[in-house]
2 protein chains.
Amino acid sequence: MFKEDLEAYARLVDTYLAQLPWEKNTLTESMKYSLEAGGKRIRPVLALAAAEAVGGDKEAILPAACALELIHTYSLIHDDLPAMDDDDYRRGRLANHKVFGEGQAILAGDALLTYAFELLAQPLKGVTLESQLRVIREVAQGAGYQGMVKGQILDLAAEKKQLTLSEVEEIHRCKTGALLIASARLGGILAGGTEEEILALTRYATAIGLAFQIKDDILDIEGDSATLGKPAQSDLRQEKSTYPSILGMEGAKKELEHKTEEAHKALEILGERASFLHELADYIAQRKH
Amino acid sequence: MFKEDLEAYARLVDTYLAQLPWEKNTLTESMKYSLEAGGKRIRPVLALAAAEAVGGDKEAILPAACALELIHTYSLIHDDLPAMDDDDYRRGRLANHKVFGEGQAILAGDALLTYAFELLAQPLKGVTLESQLRVIREVAQGAGYQGMVKGQILDLAAEKKQLTLSEVEEIHRCKTGALLIASARLGGILAGGTEEEILALTRYATAIGLAFQIKDDILDIEGDSATLGKPAQSDLRQEKSTYPSILGMEGAKKELEHKTEEAHKALEILGERASFLHELADYIAQRKH
């Protein structure tokens, strides 16, 4: 049931992304290469489900939700560059810069980020212009120097250092948390949710963001490369500070449980309409890859 | 007179940029390093003057105008990277990546681009929300895969090739023209100009964009390194196709004159209020660096 719902949301996103009217050239080819690499579409799905959780219409906010996937994709392309994390593979395929070269990979990322804001500013049926401009500001904040980009800077600076729990949490809060929070809020704001509902979605996204990261760290140790689509135990080899390395495996699993509980609790005021978000929180904690 | 006006506009931009509430860290330091490297601020100045040319208030649109300088600065940082044009110097100072390293330079560019859209979505006094969202779409188009980023791709692909005049124009139209046009239109649209006035500004910006590039090519041959702040005759050494290499020096100068005339003509319907824009067109044709 949940799997079908998740796939239905993701299909909506994929269908929208596939019909973008991009003229065919090497730049758009490299943009599409990474955009169509088959991620989980968690950010747009979160936005669509958040819109429904406050009683809104997911179809109406689709362009804005899909913009989040463009931003996520740009960040992956730039993160994989030799000057950054220097990864040759992403989602089991060659990284963008390994196929198109570094210069074009940088530009493909730049173009995806820029296009995301074009999508965020598209006219949306039944959405107030105030809330659309608010969302643009919030997404820029989540993706920018106070959010995702800051997280990547912190991550680069942390390489091969032993970090404390709060340092690790700060990195994740910026690097992945800020955009996830912006995604949930985007759905809530564009769909006309109350401030109380938007706050509930913020708390929920904060909790699942950390839960997602803890689970990632656990999978890196307990998962196998084939299922993960990337080499297992790469954190260990890169001497990264992770939840298991700081809290021990049992401690990390307890923290995952705790965050998942927080996520469920945050949703209480949203009632029945948030059932997919409840299931998403459980899925994040239980996923195998 | 014109120089004083130009400086007054630029000072407005610099003052606004200097008070941005950025927390101090290595990321914001690298963003500021390039932002404060002392460019001519042509894009925001163009936007402010365009707003006045349609009878608007320049102060009211200042955050949006300054966003254009952030986008321009990000593009310079990324263009200078080893994987792109591989320039060690910019405006007489070390390029961003030579000071902060490649990884951080990429991220500083990403953060500047992202922050530009946060500024574009700031509440502006007396500006309709419709026109603000329209401007965000247009700036994204001018800066993105159909505009500036496409221009950089074309430029990379053109290295050491002999190009035709129309190929050179296509590169400039994308690489610098698209954002200049977006800048002039931004001012016109946010200040509530009529469609006819916005079209006049578009024609004007198209003409001065090409004039600027022709003059750049001429200066590269006739200027000296000290005045230019970069090595003279670098186009020649890089075997770049330029206006003088295609049209000859006399032909290039004639084309510059022709474009400047077009710029003046486009402004006719705007009357007296466009006097600064007239002078700006002459300045572009006559500047020494």
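User: How many residues does helix α10 of chain A have, and what distance does α10 reach from its first C-alpha to its last?

Analyst: This is a predicted model, in which local features need pLDDT of at least 70, side-chain atom pairs count only at pLDDT 80 or more, and totals for chains, interfaces and linings use all residues. Residues are numbered from 1 along each chain as its sequence is written, chains are lettered from A and ligands numbered from 1 in the order in which they are written, and side-chain values use heavy atoms, leaving out hydrogens and water. Helices are DSSP runs of H or I with at least four residues, numbered from the N terminus, and the expected span is 1.5 Å times one less than the number of residues. For α10 (residues 195-222) of chain A the expected span is 40 Å, and the helix has 28 residues and reaches 40 Å.

User: Is α10(A) mostly covered or mostly uncovered, and how many of its residues are buried?

Analyst: Buried means under 20% relative accessible area, exposed over 50%, and partly exposed in between (1.4 Å probe, protein chains only). By that rule α10(A) is mostly covered, the buried count being 20 of its 28 residues.

User: Which residues does A:I269 contact, leaving aside neighbours within four places in sequence?

Analyst: A:I269 lies in the loop between α13 (243-266) and α14 (275-286) of chain A. Its relative accessible area is 46%, so A:I269 is partly exposed. With contact meaning heavy atoms within 4.5 Å, its partners are A:E196, A:E197 and A:A200.

Note on methods. Helix = DSSP H or I, 4+ residues; strand = E, 2+ residues; numbered from the N terminus.
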